[in-house]
Amino acid sequence: MERVIIHVDMDYFYAAIEERENPSLRGKAVVVCMYSGRGETSGSVSTCNYIARKDGIHSGMPCSRAKAIKPDSIFLPVRKEFYSSVSDSVMEILRGYADSSELFEQISIDEAFIDITRTSLNDFEQALIIGMQMKAEIREQAGLTCSVGIGPNKLIAKMASSVRKPDGITVIKPDEVGNFLKPLKLTKLWGIGKVTEERLQKMGISTIEQLAVHDAVDLITVFGKSKGTWLKKAALGIDDSPVKERGGSDQIGRMATLPQNTRDTDMIFLEMDRLVDDVIGKVNTRKVSYRSVTITFITTDFRTHTKSRTLNHPATDSSVLRQIAREMITGFLKEDTHNLRRIGIRAANLQKSEGQTSLLEFVD
DNA sequence: TGCACCCTGATGTT
DNA sequence: TCATGCATCAGGGTGCA
């Protein structure tokens, strides 16, 4: 049976929350920044409202550049925890529309898929009405707007929600999928970024339409079986992946920019200890244990290096994480002569923890 | 030889 | 010119039955 999937994307989420909290910001360019702590403007734009976007400011852009483009913008630091709490209440509203609790999938702080095949009676006109109800409820309860896409699968629903932004709604019925995809640029296909686009262009493919008719074997030869197959199917609008509740990610990580480029272990350890505490906080909140640890190093030449280690047994405490992190930092500094710019730590292979485990059990 | 697991860098997105 | 923070994936390596 054909499915009916809704994708909801909150409009310029962080900046919209700031506007909601402080209505005097309305009508002004609002830019929410992740500051690195180096100097006043070092950092990148997390998100910004549409007034700022009109002038070319976008997420990922250096804050200093955003400031140069539009100096009278309101620059605010991210308040991630607060936005998360707002996200929880919005997701609760959306979850209520799913056919069942398993048919709801939150994919990020401000996006979710909802399978409404049954509630909509498999009818896209009915789905449109449900989508409008969702938007109205979010506006009333949370004071925020969102953009909605409706399609026969997650891929199409996700892409449909980008058609009319902000505060829009777009329905792509199964028989409209081909015409919907045809004129779009490759990077509009969810999952294709700059790198994949360039590789496809080298093969003479520059539109989704060309990708859809390209020989699948050729794509597999270049991209490998998994990605090659995916590219072909995605270009045809085919996506069988189910909407399903995510049991939390399989890893918990934190990264930070060091106050200055350095090889000084005292400074690096100090920053790493903060990251370790953050990660362990999340590990404990989720009541999970970790079995592998990865440390990320970004050197001054902007290259990324990782070192990882898998434990014999799952762990839950910070001392294990801290000790491993220090060992790996020391090891990396012996291998690489560059200064470090940023560091990160990630606990992975998460599993439901069964009580605390002491450090002694991990001494190999 | 086949499989499972591990390590690492690439990728996408924000 | 300046360049955050995060999760996920795939390829290659390694050890074992």
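Colleague: Which residue in β11 does I295 stand opposite?

Modeller: I295 stands opposite K307 in β11. This is a predicted model, in which local features need pLDDT of at least 70 and side-chain atom pairs count only at pLDDT 80 or more, while totals for chains, interfaces and linings use all residues. Residues are numbered from 1 along each chain as its sequence is written, with chains lettered from A and ligands numbered from 1 in the order in which they are written.

Eight bridges join β10 to β11 in an antiparallel pairing (strands pair if DSSP finds at least two bridges between them). Together β10 and β11 make a hairpin, with four residues between them. In that turn, F302 has a positive phi of about 65°. Strands here are DSSP runs of E with at least two residues, and they are numbered from the N terminus.

The hairpin leads on to the DNA. Around DNA strand B there are 20 residues, of which G60, G193, V195, T196 and T310 come nearest (near means a C-beta atom, placed from the backbone, within 6 Å). Two or more residues of this surface come from each of β3 (43-48), α8 (194-202), β10 (288-299) and β11 (304-315); a helix such as α8 is a DSSP run of H or I with at least four residues. The largest share, seven residues, belongs to β11.

By class, 14 residues of the surface near DNA strand B are polar, three are nonpolar and three are charged. Ala, Val, Leu, Ile, Met, Phe, Trp, Tyr, Cys and Pro count as nonpolar, Asp, Glu, Lys and Arg as charged, and the others, Gly among them, as polar.
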